[in-house]
Amino acid sequence: MNQLVIEAGRTERQYWRDLWRYRELFFFLAWRDFLVRYKQTVVGVSWSVIRPLLTMLILTVVFGKLGKMPSGGSPYPLLVLCGMLPWNFFSTAISDSGNSMVANSSLISKIYFPRLIIGVSSVITSFVDFLISALLMVGLMFWYRFVPPVSALLLPLFTLLAFGASVGIGLWIAALMVKYRDFRFIVPFIVQFGLYLSPVGFKSSIVPDRFRLLYSLNPMVGIIDGFRWSLLGAQNSLYLPALIISIIEVAVILISGVLYFRRTERTFADVI
Amino acid sequence: MSETAIVIENLGKRYVIGKQKQGVDGMSHILEGVIRSPGAWLKLRREGKLRQVDFWALRNVSLSMNQGEVVGIIGRNGAGKSTLLKLLSRITVPTEGRFRINGRTASLLEVGTGFHQELTGRENIFLNGAIMGMAHAEIAKKFDQIVDFSEIENFLDTPVKRYSSGMYVRLAFAVAAHLEPEVLIVDEVLAVGDAAFQKKCLGKMENIAQSGRTVLFVSHNMDAVRTLCQRAILFDGGEIRADGHVDTVVEDYFSRFSTSSGQQIRGAYGLAIEQVVLKNDGGQETRQFCPGEDLIIEITFDAQKCLEKPYFILAVRGQKGNCFTANMLLDGHRPKFLNGKGKISCRFKSIPLLPQRYMVQLAIKANNGIDVLMHYEDIGSFIVTADLATYGYKGEFQTRVSEATSVVIPYEWQLPDGTSATVSLSAPVSAI
């Protein structure tokens, strides 16, 4: 029979064991959020295709047609979509995951399970949306009769990077939001500005060379560039420093996010 | 099987009231303090005097429970019962001390937490099971039992937001009870369901206990505690006050409210109830009444600040709910002010009550009738004893009196053959 020992100030050891015991809950909560997200909607899951489709059209018109930004040879809608897929995933993931503790406050104050699961499962929900939106990409490639290069095989790597960034930042915000609801107002700003600060509607190569390194401090720059490079090919050449910066940043944010979350988690039920 | 299931050593939980409030208020508060007078703020901060009030919700609690025991946790509001359950269910972490639990724990602290309004009953069973730590396969195996127990098979595919509160509790309890935990923690949730279901739940809990598992049961319903538990633990002020056989501890709980326990009941704004005395017709202090006697409730209060025109609300509560009240919000009489020590009393004339145990509850509202000076608190208890013949009852099924409502008023039958029969209390008996 398993024995549980809880001692003031020493609850760490038990935690990781619990995380394993509750592993199915990651998917249950994600499944719940996904089911609920499209309940009582008419077109249902189609929203995860319609939304990016419309945004893509707008960004294509604004940046490609009106702004006359360079597309580097590939069709502009494809270029935009390559940026939008990771960006949409990232932005919905951090806002949902950031909100997740407060949204589930009744659970947190009444039932025990590792709270990390709530934050991560919101990211998983957004990831499912991401996969569905990716169908739009496949459709668009057929439409343009575009054959992705071999480098597309590296796409999972960049997806993983986007996932890591989402979990890391999501956990940071979630933990901070429990105590400081100010983040409820800050996150929409990040999402709104981020769309224009990240190379979603344009290629990052239009940024002047001397600012390029500075620009790359935004972790999404390396990730989005990676998506473009792997899916659209060599004319979207990979700016390596940006990718390296992204990887380091994601690693730091992810580890510190988990640590900070763990540190504050024990008081969630008292503060929320 | 009398291995220990739970061992608690010196468990304590401290809340820092001031600091926490600041956290919730957000940074603006901190900013405000810093901007107004940075020096003073820093000094305060360094000395740790920044509105930090320690509050021990639970302290020095040590106890152990054996497997197969059903333990009732009782005590008035704020006594630390819920904090103990929260610690044992690991929702919060202890400030000091430690505890050990052998085996899996399931806790049901509130009805339907973990349910999602938009999801159907079926979906919620799986979700809730997973939240409580059940594997998918395990839930699937017990699915039919859960549905059977909760009696909701016709509504399985209806979103739970359309459920009645009764269906809600049934489903919630069913999932928790079928987790087959080694330790089951239940907090006051049964208050919501109807009598039949309460009975069923108590039965289930008994089963769980008989199969060698441990149940911790918090309730204000002393009858439920008495039926279900052999052992009870009384909490007060975050500490254990009594621990032992359920009958003695429940008796202790009741007597604690009366006269000489020397304990105050605190309300808001420095108002406290110092003493409550129950008296009969003759002005004698007693906790035993006969039907038809007058019940006098005499309350000694202590108001540290002057409180203008408060409203007092007294309620007499039986096993089936409130019997009658004296409510200043309705009758409009109220003291001009409370200042310092004083007495207020109320006489209920010739109480028409069946032989049962009754609680007296008191709430006090501020002069706007809305702000609470004191939430409903149990301030006293008494029992009514009398032979059923006193009520004019001559039937063959007198044991059914336990199912009857507590208040009886005189009535008269007109039977088909034209005869009439009056049932009323025989002349008030002054004492037995």
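I looked up the division of chain B first: domain 1 spans 57–255 and domain 2 spans 261–384, with bounds from an automatic or database domain assignment. The model is predicted, so I note that local features need pLDDT of at least 70, side-chain atom pairs count only at pLDDT 80 or more, and totals for chains, interfaces and linings use all residues. Residues are numbered from 1 along each chain as its sequence is written, while chains are lettered from A and ligands numbered from 1 in the order in which they are written.

**Domains of chain B**

I find 32 Å between the centres of domain 1 and domain 2 of chain B, taken over C-alpha atoms. Four residues of domain 1 of chain B are in contact with five of domain 2 of chain B (contact: C-beta atoms, placed from the backbone, within 7 Å). By class, the domain 1 side of chain B has one nonpolar, one polar and two charged residues (nonpolar: Ala, Val, Leu, Ile, Met, Phe, Trp, Tyr, Cys and Pro; charged: Asp, Glu, Lys and Arg; polar: the others, Gly among them).

**Sheet**

I traced an open sheet of six strands in chain B, in the order β5-β6-β7-β3-β8-β9, with mixed pairing. Strands (E, at least two residues) and helices (H or I, at least four) are DSSP runs numbered from the N terminus; two strands pair if DSSP finds at least two bridges between them. The edge strands of chain B are β5 (105–108) and β9 (239–245), each pairing on one side only. The twist from one strand to the next averages 15 degrees.

β3(B) and β8(B) are parallel, with four bridges; Ile74(B) has Leu234(B) in β8(B) as its bridge partner. β8 (231–236) and β9 of chain B run antiparallel, joined by six bridges. Here Ala232(B) stands opposite Gly244(B), and Asp236(B) has Glu239(B) as its bridge partner. The hairpin of β8(B) and β9(B) has two residues between the strands, and Gly237(B) there takes a positive phi near 55 degrees.

Helix α8 (195–210) of chain B lies across β3, β6 and β7 of chain B, at about 145 degrees to β7(B) (axes are lines fitted to C-alpha atoms, for helices over the stretch in contact; angles run from 0 to 180 degrees between N-to-C directions).

**Chains A and B**

I count 33 residues from chain A and 37 from chain B in the contact. α2(A) gives the largest share of the chain A side, six residues. By class, that side has 17 nonpolar, five polar and eleven charged residues. β1(A) runs antiparallel to β4 (96–102) of chain B, with five bridges; Gln3(A) has Asn102(B) as its bridge partner.

Note on methods: Contact = placed C-beta atoms within 7 Å.
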